[in-house]
4 protein chains.
Amino acid sequence: MTTDVIAPANTLRAGIIGGGFMAAVHTHAARAARAELTGGASSSADRARDAADRLGLGAAFDSVDALLADPGIDVVHICTPNSTHAAIARAALEAGKHVICEKPLATTVTDAAELTALAADRGLVAAVPFVYRFHPMAREARARVARGETGRLLSVQGAYLQDWLAEPHDDDWRVDAELGGPSRAFADIGSHLVDLLEFVSGERIVRLNASTRTVYAARSRHADIATEDLVAVVVELESGAIGTLLVSQVAAGHKNGLSIELSGASGSIRFEQERPEQLWLGRVDGSSVLERDPARLAPDAARLALVPAGHPMGYQDAFNAFVADAYAAIDGSAPDGLPRFADGLRAVRLTEAVLASAASDGWVEVAAA
Amino acid sequence: MTTDVIAPANTLRAGIIGGGFMAAVHTHAARAARAELTGGASSSADRARDAADRLGLGAAFDSVDALLADPGIDVVHICTPNSTHAAIARAALEAGKHVICEKPLATTVTDAAELTALAADRGLVAAVPFVYRFHPMAREARARVARGETGRLLSVQGAYLQDWLAEPHDDDWRVDAELGGPSRAFADIGSHLVDLLEFVSGERIVRLNASTRTVYAARSRHADIATEDLVAVVVELESGAIGTLLVSQVAAGHKNGLSIELSGASGSIRFEQERPEQLWLGRVDGSSVLERDPARLAPDAARLALVPAGHPMGYQDAFNAFVADAYAAIDGSAPDGLPRFADGLRAVRLTEAVLASAASDGWVEVAAA
Amino acid sequence: MTTDVIAPANTLRAGIIGGGFMAAVHTHAARAARAELTGGASSSADRARDAADRLGLGAAFDSVDALLADPGIDVVHICTPNSTHAAIARAALEAGKHVICEKPLATTVTDAAELTALAADRGLVAAVPFVYRFHPMAREARARVARGETGRLLSVQGAYLQDWLAEPHDDDWRVDAELGGPSRAFADIGSHLVDLLEFVSGERIVRLNASTRTVYAARSRHADIATEDLVAVVVELESGAIGTLLVSQVAAGHKNGLSIELSGASGSIRFEQERPEQLWLGRVDGSSVLERDPARLAPDAARLALVPAGHPMGYQDAFNAFVADAYAAIDGSAPDGLPRFADGLRAVRLTEAVLASAASDGWVEVAAA
Amino acid sequence: MTTDVIAPANTLRAGIIGGGFMAAVHTHAARAARAELTGGASSSADRARDAADRLGLGAAFDSVDALLADPGIDVVHICTPNSTHAAIARAALEAGKHVICEKPLATTVTDAAELTALAADRGLVAAVPFVYRFHPMAREARARVARGETGRLLSVQGAYLQDWLAEPHDDDWRVDAELGGPSRAFADIGSHLVDLLEFVSGERIVRLNASTRTVYAARSRHADIATEDLVAVVVELESGAIGTLLVSQVAAGHKNGLSIELSGASGSIRFEQERPEQLWLGRVDGSSVLERDPARLAPDAARLALVPAGHPMGYQDAFNAFVADAYAAIDGSAPDGLPRFADGLRAVRLTEAVLASAASDGWVEVAAA
């Protein structure tokens, strides 16, 4: 009755570690990429069972080790608290799995560098979901900068503002330095900001001067809080451009306010995550707002535009594209702009520089690598 | 090694008819809803094979009849040209399949009414993707109107403006009255507009007066074009409210500009599809823009909000929600706001009224049912 | 000590009739245009004295007749209730004064036509403050349409929405048909809308079909209210374009929401009075928002741009430009786009057509003149 | 014929020094405030005559000294290049004139402090047009912060971005350190930014760390340019809040992009000069955009709102309000928020701190006074 059975050439088999909001986002993306959702693990067998049930995973493993020992799993998604990333990622790579690990990749540069080297040694795909790279208009911004449309970079203005910790009683495992690591706001969201800024500008931050603040020394489940709510930074980039970064998780009214603006000798460009379908293109003689229209985008942006102009794309679409590209890399292709462990390491390095500058009350140089 | 295997209670098996852009959108949504994508059919076996390959469907059927004859298929998605909807939907219902049929459900009120009755007789779920109902903020608007926040309705302002037919050479099967039916712009997008307007307002249009224009009498593959590019309408609603509708596919610069604004005795409310994450709430004493924040939404809106505030949702997310609700209905639940064949019929009835008004150059009453 | 005394060649001497908000706006504009504010009159000598004091007028006249009899006054600004406009304007013209008369020029076409003829006979400048013509970006829109940038006109979408009568108790002399005339919302603000639409498009409305509503039959000081709060119209223009107009003074949240959008075969253009410093330019291939930058504007727009780009201009600036142009006309020049009594008559004619259509429940033709 | 002659109690007689764009802005404002425009002076008698003619001043003086020697002049507006401000202001005060002096008040803290003391000694009104304080919504922001609506201040984000020097050939006397002084971008526009930030927040910057850049070392008429195009700063305020400032005159696409955002423990507030009719009010639970509606504003904001909601106010309106308040101070009242020489001094002090930080590559403390 049917002419033939068609199956994707290489259906990947994915395992999901963790069961929170990000695990759900990863699972949706893996399903959209036609993976087989082999199973999940969490901090306990019960939690794994609950997550597998909610997310529609094929099986619940008793432990992370059990999952990693399953030869039927090709790729592991790590969606657990920050301080556990490095150990799980190391174990996964050593088990021969490809890895998609949530940011921050690690809580120290040493760990992040070791993981990056390990992935390279083993020839495994190891990616970090700097998901905002996957909005078509972020790609469009990068393509325009790369082809010289904005000219020599002069200034940058970046911000990542949220308010989910704005109330004194707001709390979360991230507030706990044991789980979250030595940096909170910068590691959690500043890492996205610097990744996107360097990705779009094609330039590295070479020097920075930061102030940090911990606004609430105690929250509902934590006292003597050691990590920062808020960071203000002046940066210098390799071309000599200067600029400012503001990162806060206590900025009332901002839900996920990630924005970058680059001004160059020939033009400016601005991307805002909460309005991801457009770019502001600043020109001395006639600025404009460019709406996502696949017909008018650079190839690397157009390929991510799954629906026509006027049909908004959003966060999950960007995440789906990230996972699809990571899977394509596993499948042997080399998708442009896939954030790999080296990019995760870069963000950890900048986070350490921010903490060091605030501690020393002065400028800190940032190594390029 | 694994504790147990978990499978969704009722995995639906879906068939996709058609292979164009909308078939892809339906397929993504079916996959997100964890359906088994059993197979597809199209206007030829070759096209079916191509679509099955692209979309990742399990099988390619030689014909629509072959697909409908497969007892393994529970639900059929009809994504073919307008004039074929009625016959395929009828056959599918007669084959005992649940049906999701693209709008317009039919090109005549008679056909649409017959299909609506048939689905009821057979006890099958029969839905039409009036997808814009599934943006959380469209639901929020409806909930606020329903609980009286805007008061007695006084005026409405609706528009659906596109430009994909703005150039004289732009062409498509929709321009052909044989395939597209007797109305073009209104059937294609005006149907979404009146559905959303009645859905959000909770009121019916009872009377209308329309002008239509066919701007280009010939396009690249069609001469003597009989269907309209453009419609302007004055409407009266059951409460006595009056308003205007403008529908155009030749409005340069508008990609998918669907918007509705309702003004009542206590407040106004505005939803724009191209900015689906917000509502404008007009008040004499302090208007505001409400951003989608699940914590602040009515239950029926919050349940559709899959990601937190500040993480944009888009068109595919809305479509996924529509299909998930249609599948839930098949599974026995009664999701609020699912657009069924009766709603498809309603849109056809209003389309016929628009054509009748333009032809008679005067007001036309619209039956309530 | 000083090299010489410099005086404007022709300092006009202006008289202000009325003492409300609009009288203040006229006075500010006359002062900015370097007129000598000779004096004012109102409905009583006491009110005249109060107004002269508040507004800084040179003298308070006992009556309108007394003011008109003063040979030292060159130009009279009429800022009184609608139903008094015609008689005062007639007396002023007969007294040989140039006249600036608030809209609506008259409450009947007959009166408006007579005044228009009288001004022509006497060779006097007679202007009506359709002030929104004097935003640089409204001029820019008109210039772009006139030079063919938007192509053959296909559709129009206009609205003028306010909420100052949205509460049942809101009241004003305008609600009283004796003072305000037979039309309320349309005469008061619809007149601005149709003037701006015809001014920018360069086309006349030739046919229309309107519904009107009086939402509150009684307000705090009026019962059996005869005039409309709300009007919805379908229009046809001389080129064959169609469109919609919505006019309301009961649209909660809208303070002064005048907007027009024209879509032509080559592009669309949109002007919103509440954002008067920009135009939306709709294009199939790349829409943009044009900000007011004198360097980039058509000459007739640039001449009205008194401050550089980025320094917002507003309502009083537009009013100042209107009065400056009216005074320039009195001084013998012929400024482009000055709204004269013929334009005031045109708006009255369209207002009568709207009332006639609503009364007859059908289409009404509108004479071109 | 007239009942009586009414004259403003105290008509001020104003003199205008300088003849450029700012002189025109000051003149419009003086005229709106019903001053007698006694005369003007400039760098030569010819230029004075030209300016007097264009601006409608009563007389052209041969020199600044001649103007200052005229006993008929009450108040002097200084609109000349930066480096001349201090000497002219000193001479004017010594001549017993009230003074309105363009910013920067002086090019050194020493001069600015001396002038501030001199004005106090003589009991003369001495004001600096930090005009952005006079937008009603800037006042509203200040009032809301002052009454605790935003809570303890946590972070600030300020920018003043322009592009009028973005092209390498763009040039002006400001580029010349002899005329413009040792700081360019920060003295010219950064001074407005820090004034507005401290005015609205009610807090002083106590410490800062700045980077500066001179992008073009040569322009059309200048080589070896010594002053900065661009400044990036991290600031700390007296409450412990931190934040960033970015000031640039080479930011393509920004015409007059002054913006400040304050985030406090209870809410955020944002004012943008290019959209001066609204404030963004950020809240964890429901942000909003507050449009200027006199009925809803704090008294100090409402008194500056000359036209109703929905009728945009702009730059000249703000300037008119500044001059009206300065004149009211001369007339003996004490208008809230009038920027006086002490405020001019404050901006000079912060400018010096920025230059010192950039020179020393480290943090600089800023004296409170």
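Predicted model: local features only at pLDDT ≥ 70, side-chain atom pairs only at ≥ 80, totals over all residues.
Me: Happy to start with symmetry: what rotation superposes chain D on chain A?
Reply: Superposing chain D on chain A leaves an RMSD of 0.0 Å, with 0.0 Å of shift along the axis. The two copies are thus related as by a two-fold rotation axis. The rotation itself is 180 degrees.

Me: Which residues of chain D lose the most area to chain A?
Reply: Good one to look at on screen! Here 49 residues of chain D are in contact with 49 residues of chain A, and the area buried between the two chains is about 3600 Å². Carbon and sulfur atoms give 54% of that area. Three residues together make up 16% of what the chain D side buries, and they are Ile242(D), Ala252(D) and Val284(D).

Me: How many salt bridges does the rule find across the interface of chain D and chain A?
Reply: One to find in your viewer joins the side chains of Arg213(A) and Glu236(D), at 3.5 Å from N to O. The salt bridges number 4.

Me: Turning to chain C, which element gives the most to the side of chain D that touches chain C?
Reply: Across this interface there are 10 residue pairs in polar contact, both at pLDDT 80 or more. The elements giving two or more residues to the chain D side are β1, α1, α2, β4 and α10 of chain D. With 5 residues, the one that gives the most is α2(D).

Me: Which residue of chain C forms a salt bridge with Asp293(D)?
Reply: The rule finds 2 salt bridges between chain D and chain C. In the one with Asp293(D), the closest N and O atoms are 3.8 Å apart. The partner is Lys255(C).

Me: Which strands stand at the edges of the sheet in chain D?
Reply: The sheet is open, with 9 strands in mixed pairing. Inside the order, β10 and β11 of chain D run antiparallel and are joined by 7 bridges, and Val235(D) stands opposite Gly243(D) in β11(D). Each edge strand has a single partner strand, so one side of each is left without a neighbour in the sheet; these are β15 and β16 of chain D.

Conventions: Residues numbered from 1 in each chain as written. Chains lettered and ligands numbered in written order. Heavy atoms only, no water. Least-squares fit on C-alpha atoms with pLDDT ≥ 70 in both. Polar contact = N/O pair within 3.5 Å; in protein donor to acceptor, adjacent residues only side chain to side chain. Helix = DSSP H or I, 4+ residues; strand = E, 2+ residues; numbered from the N terminus. Pairing = 2+ DSSP bridges. Contact = heavy atoms within 4.5 Å. Buried area = accessible area lost by both parts, 1.4 Å probe.
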